[in-house]
Amino acid sequence: MLQVNFIRENFDQAVEGLQKRFFAEPAEKLQKVLDLDKERKETQLQRDQLQAESNSISKKIGLLMREGKKEEAETVKNRTAEIKGQIKSLEEKYSEIEEALKQLLYAIPNVPHESVKAGKSADDNEVVLEHGEAPTLHEGKLAHWDLIKKYDIIDFELGNKITGAGFPIYKGKGARLQRALVNFFLDEATNSGYQEVQPPILINEESGYGTGQLPDKEGQMYHVTNDDLFLIPTAEVPVTNMYRDVMLKAADLPIKNTAFTPCFRREAGSWGAHVRGLNRLHQFDKVELVQITHPDKSYETLEDMSTYVQKLLQKLGLPYRVLRLCGGDTGFTSALTYDMEVYSAAQEMWLEVSSVSNFETYQANRLKLRFKDEQKKTVLAHTLNGSALALPRIVAAILENYQTEKGIKMPEVLVPYLGFEWIDEA
């Protein structure tokens with residue numbers, strides 16, 4: 001969440017940034033934050049003054065008792081009881097104000113970076129670059145949902161019987177392709193200095209609030225109600241929460257972690273041709289990157305992470321483009337996000353396969369993720385994450401773009417992981 005000091009010191013900038021998101025009544029809501037913070041401080045001051053008076057009276061009572069002035073001491077004690085009641089009332093008021101302030105801050109998204117353009121939807125996103133050319137496919141080309149049936153590698157109907165729509169079963173070479181991609185992505189990450197971790201795939205409510213999935217995306221997560229736990233929508237959540245309530249040293253930065261996990265998203269309200277087949281699932285596999293950096297280095301790190309993801313796509317031989325998301329399409333917690341999309345030659349459309357985001361201090365403020373800088377001053381770290389990569393649409397693009405009349409030729413970089421070069425009917 002935003003820092004109150006940031007709002008106070010950069011009020012006009014914050015309002016202007018939130019307007020890029022078309023966030024309703026930004027000035028009024030930010031002013032309400034400042035008003036609540038002022039009221040909180042005034043309440044705390046009143047409480048502290050009364051506590052100081054109470055401490056002073058306690059000493060006075062002791063002195064009067066030692067001097068044998070019991071009657072005068074009893075009179076002073078009555079004031080002590082009165083003060084205790086006032087302190088209790090002020091503490092209750094303080095708690096109410098603090099909770100109201102916290103809930104208001106939870107409802108205000110991050111302020112976009114100055115490079116982010118105003119916009120309401122994906123139609124307003126900015127294409128930063130395009131790389132590669134779409135392959136020329138043979139006549140009779142098939143979309144991936146037809147290819148997976150032809151070669152019997154992914155079964156949606158069987159998954160639907162076991163669980164429901166959006167939970168496919170991968171089998172044979174389809175399952176091996178999944179495993180090959182995961183191992184390839186993890187090897188690339190560890191070779192680039194990321195430490196592999198294997199986190200839980202269930203999180204508690206505090207973790208959800210820490211990275212901003214709660215309360216913003218509560219309806220999109222699967223909730224295990226008996227235990228009040230949530231299935232993770234991305235490994236970003238447990239991996240970043242490893243550093244909740246942690247005080248780091250400047251020398252510890254940057255921290256680079258990677259994790260492979262299944263991810264679970266309800267995707268309520270999604271329908272249409274753009275979500276057919278592997279284009280949108282409720283359960284899918286993904287390799288995630290998470291970095292914790294010094295504030296001075298976070299945008300350099302964001303560009304490095306974007307370049308890293310692009311190199312993965314280049315090694316897979318997939319044509320792609322990079323988008324800088326507009327204000328209205330940027331995630332609630334992000335200051336700047338790049339989306340990477342691959343071109344699906346059979347569907348003749350772009351498919352998002354990665355988002356790389358800089359959250360600046362927005363998550364760190366919730367997480368209380370701090371470090372001691374060179375002057376021993378306590379500073380909030382910056383957090384970043386990126387998909388490297390989400391598997392379903394990568395698989396869809398590989399199947400479609402690499403299809404030939406005799407089968408689907410696998411990207412050369414994956415062959416050592418697969419143990420085969422072709423998916424065919426043999």
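## Pockets and salt bridges in a predicted model

Five helices, α1 (4-9), α3 (26-66), α4 (70-106), α8 (205-211) and α11 (362-367), each supply at least two residues of the lining of the second largest pocket. The model described here is predicted. Among these helices, α4 gives the most to that lining, with 6 residues. The space in the second largest pocket amounts to about 720 Å³. Its lining comprises 27 residues, of which Met-1, Lys-102, Asn-365, Arg-366 and Lys-368 are the closest to the centre. By class, the lining of the second largest pocket holds 13 charged, 9 nonpolar and 5 polar residues. Domain 1 (4-107) and domain 2 (122-423) each contribute at least three residues to this lining.

Arg-265, Arg-280, Asp-339, Glu-352 and Ser-355 are the closest to its centre among the 50 residues that line it. Two or more lining residues come from each of the strands β10 (283-293), β11 (320-324), β12 (336-344), β13 (349-358) and β16 (382-390), and from the helix α12 (391-401). The largest share, 8 residues, belongs to β13. In the lining of the largest pocket, 18 residues are nonpolar, 18 are polar and 14 are charged.

| Second largest pocket | about 720 Å³ | 27 residues | α4, 6 residues |

Charge pairing is the next topic. Side chains of opposite charge can pair when their charged atoms come close. The structure contains 18 salt bridges. One of the pairs joins Lys-286 to Glu-288, with an N to O distance of 2.4 Å. Lys-286 has a relative accessible area of 3% and is therefore buried, since the cut-off for that class is under 20%. Glu-288 falls in the buried class as well, because its relative accessible area is 1%.

Lys-117 and Glu-126 also form a salt bridge, in which the closest N and O atoms are 3.9 Å apart. Here Lys-117 is partly exposed, with a relative accessible area of 48%, and Glu-126 counts as partly exposed at 25% relative accessibility. A further salt bridge links Lys-149 with Glu-157, the closest N and O atoms being 3.9 Å apart. Lys-149 has 57% relative accessibility and so counts as exposed, the cut-off being over 50%.

Salt bridges also connect Arg-8, Asp-37, Arg-40, Lys-41 and Glu-98 in a network.

As for the overall architecture, the chain has 13 helices and 19 strands. Its radius of gyration is 27 Å, well over the 22 Å that the globule rule gives for 426 residues, so the chain is more spread out than a compact globule. Taken along the principal axes, the C-alpha atoms fill a box of roughly 105 × 45 × 40 Å. Of the 426 residues in the chain, 49% are buried.

Definitions and conventions. Residues are numbered from 1 along each chain as its sequence is written. This is a predicted model: local features need pLDDT of at least 70, side-chain atom pairs count only at pLDDT 80 or more; totals for chains, interfaces and linings use all residues. Side-chain values use heavy atoms; hydrogens and water are left out. On a 1 Å grid over the protein atoms alone, a cavity is a set of points where a 1.4 Å probe fits but cannot get out, and a pocket is an open set with protein on both sides within 12 Å along at least five of seven lines; lining residues have an atom within 4 Å of a point. Helices (H or I, at least four residues) and strands (E, at least two) are DSSP runs, numbered from the N terminus. Ala, Val, Leu, Ile, Met, Phe, Trp, Tyr, Cys and Pro count as nonpolar, Asp, Glu, Lys and Arg as charged, and the others, Gly among them, as polar. Grid points are joined across faces, edges and corners, and a volume is the space filled by probe spheres set on the points. Domain bounds come from an automatic or database domain assignment. A salt bridge is a side-chain nitrogen of Lys or Arg within 4 Å of a carboxyl oxygen of Asp or Glu. Buried means under 20% relative accessible area, exposed over 50%, partly exposed in between (1.4 Å probe, protein chains only). The radius of gyration is taken over C-alpha atoms; the globule rule is 2.2 Å times the number of residues to the power 0.38.
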